[in-house]
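The entries follow in the order I made them.

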Amino acid sequence: MIELPEAAVLASQSNETIRGKRIRNVIAAHSPHKFAWYFGDPQDYGALLAGKVIGEAVSYGGQVEITASDARLLFSDGVNLRHVGPGQKPPDKHQLLLEFDDGAFLVGSVQMYGGVMAFPEGHNDNKYYLVAKEKPSPLTDHFDERYFDSLFDEGTAGLSLKAFLATEQRIPGLGNGVLQDILFNAKMHPKKKVASLSTAHRGLLFEAVKTILAEMVAAGGRDTENDLLGAPGGYKTRMSRNTVGQACAVCGTPIHKEAYLGGSIYYCLRCQRM
């Protein structure tokens, strides 16, 4: 899934790989998918994008936005975004394929669900997109401890830390995947209630959010996800599907997996006690 680290990495790789390329051909909604989300009618994407030149790519939370002259491309959630070089064959199944003048491709393929969108600049009023653009990223200085403290209120007191961090777009791009290592670093259980946090605990959680997300981006994303070239990220997750059952690096206790709030949580029974 595209979360904040992967979005940042994909945007950076897009700027290095496809910026300046001209779009020669567009194929949208080629492979039917019930949970592929488009902006408007995907059959209009060809007229919107053909002939446009790829510009700067930026990330907003867990979304990647790529400029194409006066149009915008937006990829989010469970999209596999791949650059296919000249002379190489793109995958047969995809929800968006851009062919460039040099014979290279940019291909977006949805896994379980995801957004593959193209729209004129300024025309996307999707609330998740707008909120992600508006809120400060944990990768910036604007996301400081004072801002983090402002996210806590009476409505969050009864939430678990997983629900607090990964729902309601409180921190766009911070999802169920990246929160596992954040909470391990802070030595906090995913089910721990927000109301139980002391001022010192809030400070530890803030530092974990900033530190772990920065480490993930610097390493090229998590090893559970692939980058624009199809390679896994260089950040070795401590708590993920890749490590379940393995010994905790701190205490040696087997890493535990549990279903919770519509997804899986991974934690150390000794280091992250309730």
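This is a predicted model: local features need pLDDT of at least 70, side-chain atom pairs count only at pLDDT 80 or more; totals for chains, interfaces and linings use all residues.

Entry 1, cysteines. I looked up cysteine 268 and found it buried, with a relative accessible area of 0%; buried means under 20% relative accessible area, exposed over 50% and partly exposed in between, with a 1.4 Å probe and protein chains only. Cysteine 271 is buried as well, at a relative accessible area of 15%. I then searched the whole structure for disulfides and got zero. Cysteine 268 is in no disulfide, and the nearest cysteine sulfur, that of cysteine 251, is 3.4 Å away. The cut-off I used for a disulfide is a pair of cysteine sulfur atoms within 2.5 Å.

Residues are numbered from 1 along each chain as its sequence is written, and side-chain values use heavy atoms, with hydrogens and water left out.

I take helices (H or I, at least four residues) and strands (E, at least two) as DSSP runs, numbered from the N terminus. E6 covers residues 96–100, and five of its five residues are buried. Which residues point one way from E6 and which the other? Leu96, Leu98 and Phe100 point one way, Leu97 and Glu99 the other. In a regular strand the side chains alternate between the two faces of the sheet.

I count two strands as paired if DSSP finds at least two bridges between them. Strand E1 (residues 23–28) pairs with E6 in the antiparallel sense over five bridges, and asparagine 25 stands opposite glutamate 99. Strand E7 (residues 105–120) also runs antiparallel to E6, joined by four bridges; leucine 106 in E7 is the bridge partner of leucine 98. E6 and E7 make a hairpin with four residues between them, and glycine 103 in the turn has a positive phi of about 90°.

I worked on a 1 Å grid over the protein atoms alone: a cavity is a set of points where a 1.4 Å probe fits but cannot get out, a pocket is an open set with protein on both sides within 12 Å along at least five of seven lines, and lining residues have an atom within 4 Å of a point. Points are joined across faces, edges and corners, and a volume is the space filled by probe spheres set on the points. The largest pocket holds about 1400 Å³. It is lined by 50 residues, with Met1, Glu3, Asp77, Tyr113 and Gly175 nearest its centre. H3 gives the largest share of this lining, five residues.

The second largest pocket has a volume of about 150 Å³. Its lining has 14 residues, of which Met1, Asn80, Gln111, Glu225 and Asn226 are the closest to its centre. E5 gives the most to this lining, with five residues.

I counted one cavity of 30 Å³ or more. The largest cavity holds about 50 Å³, and its lining includes Glu6, Arg222 and Asp227.
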